[in-house]
Amino acid sequence: MESIASAPGKTILFGEHAVVYGEPAIAGAVNRRATVKIKKTNNDLSILKSKDLGFEAELDTKKKTYILKKGKPGIIRYILESLSKVHNHSPIEIDLSLDIPIGSGLGSSAAVTVATLAALYQYHGKKFNKKFLAKQAHQVELKVQGIASPLDTSISTFGGLVYLSRDKRIIKFKNLLNSSFVIGYTMKYGNTGKMVKSVKALKNKYPKILNPIIKTIGEITDEAKLAIVHNDKNRLAELMNLNQGLLDSIGVNTNELSRMIYISRKYGAIGSKLTGAGGGGSIIAFCPGKENQVFRILSKYDNAIKVNFSREGVLYRTNK
Ligand code: MEV
């Protein structure tokens, strides 16, 4: 018997950082996924392998340790934490495929966590629903990262393009914007915890300045919600650019991100902004009809990937 689950990556369109202070955000699942297959093995220890990431490791699930046979550890801690929530330590083989580039800001860790948990519940024949799964996955992210909003794990579980309201309700848009976005990323990773702390420090230092900026980001997100509902692409793009200016003002932009933002605008993006925590990481460019052009120019100097929003959240099944 083999249990299989997959979950999508995500990208934030509006409201990063402001969401930490209760403002709304807009983010969506993308058509790039993590897939986890689990089956029984006759070895003494459990095995984790991933052709896509070029790694193989033996896992001691009782001690939550591993012996790396090949590649970089990266994502292993999310899998070990997920195992400790669900698994009974019997030896299993876990095979991970990932078509989400690590470091692209597309939420690979959340996708891997959600897919691993769903595959494990499925493997053990335990009943679960998506709400429960999203909560468990968020707990795993908190344990590994120390800091994490439930945004990534919720989107990876439920899929869709969503508005996260001030009272933390998730409202799915019918419109998926039907045009591909381009994500540009450098290999200089941003550190989410560090960036969230730096915004907090600035906010404590200049509350009268930072509080209205954070509130305005919330207003931009609300305007963007209307622009999506009315499929007003130009308005949406303008709002992305406004959001970018404010993210820059709170210190989470970098030279590299700025360069990608302006290059993408020069080559046809009508809106572009950093996405996620900043301080490195990635940008999102909205370039209806100009995706190939923007993709090519961003790939020339950095890395780029074309993505679409996707309705599909976590999927799972068992092969007998
Ligand atoms: C990081 O992807 C988004 C932030 O808003 C932090 C969070 O929501 O946990 C910067």
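Author: Glu-256 is located in helix α8, which covers residues 255–266; helices here are DSSP runs of H or I with at least four residues, strands are runs of E with at least two, and both are numbered from the N terminus. The model is a predicted one, in which local features need pLDDT of at least 70 and side-chain atom pairs count only at pLDDT 80 or more, while totals for chains, interfaces and linings use all residues. Residues are numbered from 1 along each chain as its sequence is written, and side-chain values use heavy atoms, with hydrogens and water left out.

Glu-256 has a relative accessibility of 22% and therefore counts as partly exposed. Buried means under 20% relative accessible area, exposed means over 50%, and partly exposed is what lies in between, with a 1.4 Å probe and protein chains only. Setting aside residues up to four places away in sequence, Glu-256 touches Thr-186 and Lys-188, where contact means heavy atoms within 4.5 Å. Between Glu-256 and Val-112 there are 144 residues of sequence separation and 27 Å of space, C-alpha to C-alpha.

Two packed helices are described by the angle between their axes and the distance between the axes. The axes of α8 and helix α9 (residues 291–301) come within 9 Å and cross at roughly 150 degrees. Axes are lines fitted to C-alpha atoms, for helices over the stretch in contact, and angles run from 0 to 180 degrees between N-to-C directions. α8 and α9 are therefore roughly antiparallel to each other; angles over 145 degrees get that label, those under 35 are roughly parallel, 65 to 115 are roughly perpendicular, and the rest are oblique. On the α8 side the contact is made by Arg-259, Met-260, Ile-263 and Ser-264, and on the α9 side by Val-294, Ile-297, Leu-298 and Tyr-301. By class, the residues of this contact are six nonpolar, one polar and one charged. Ala, Val, Leu, Ile, Met, Phe, Trp, Tyr, Cys and Pro count as nonpolar, Asp, Glu, Lys and Arg as charged, and the others, Gly among them, as polar.

A further helix pair is α2 with α4. Helix α2 (residues 108–123) packs on helix α4 (residues 151–158) at an angle of about 55 degrees, and their axes are 9 Å apart. That angle makes α2 oblique to α4. α2 passes α4 in a right-handed crossing. Ala-110, Ala-111 and Val-114 are the α2 residues in this contact, and they meet Asp-152, Thr-153, Ser-156 and Thr-157 of α4. The residues joining α2 and α4 are three nonpolar, three polar and one charged.

α4 itself is largely enclosed by the rest of the structure, because seven of its eight residues are buried. These are Leu-151, Asp-152, Thr-153, Ser-154, Ile-155, Ser-156 and Thr-157. The buried residues of α4 pack against β1 (2–14), β2 (25–40), α2, α3, β7 (161–164) and β8 (170–172). Just after α4, Gly-159 takes a positive phi of about 75 degrees.

From helix α3 (residues 130–145), His-138 is worth a note. His-138 counts as buried because its relative accessibility is 17%. Apart from neighbours within four places in sequence, His-138 is in contact with Ala-148, Ser-149, Pro-150 and Thr-153. Thr-153 is also among the buried residues of α4.

Backbone phi values deserve a check as well. Most residues other than glycine have a negative phi. Asn-231, a residue other than glycine, has a positive phi near 50 degrees. Asn-231 is in the loop between α6 (207–229) and α7 (233–249), and its relative accessible area of 39% makes it partly exposed. Lys-64 also has a positive phi, near 55 degrees, and is placed in the loop between β4 (55–60) and β5 (65–70).

As for the whole, the protein chain holds nine helices and 13 strands. Its radius of gyration is 20 Å, close to the 20 Å given by the globule rule for 320 residues, so the chain is as compact as a globular protein of that length; the radius is taken over C-alpha atoms, and the rule is 2.2 Å times the number of residues to the power 0.38. Along its principal axes the C-alpha trace spans about 55 × 40 × 35 Å. Of the 320 residues, 53% are buried.

How values were computed. Left-handed = near helix turned anticlockwise from the far one by under 90°.
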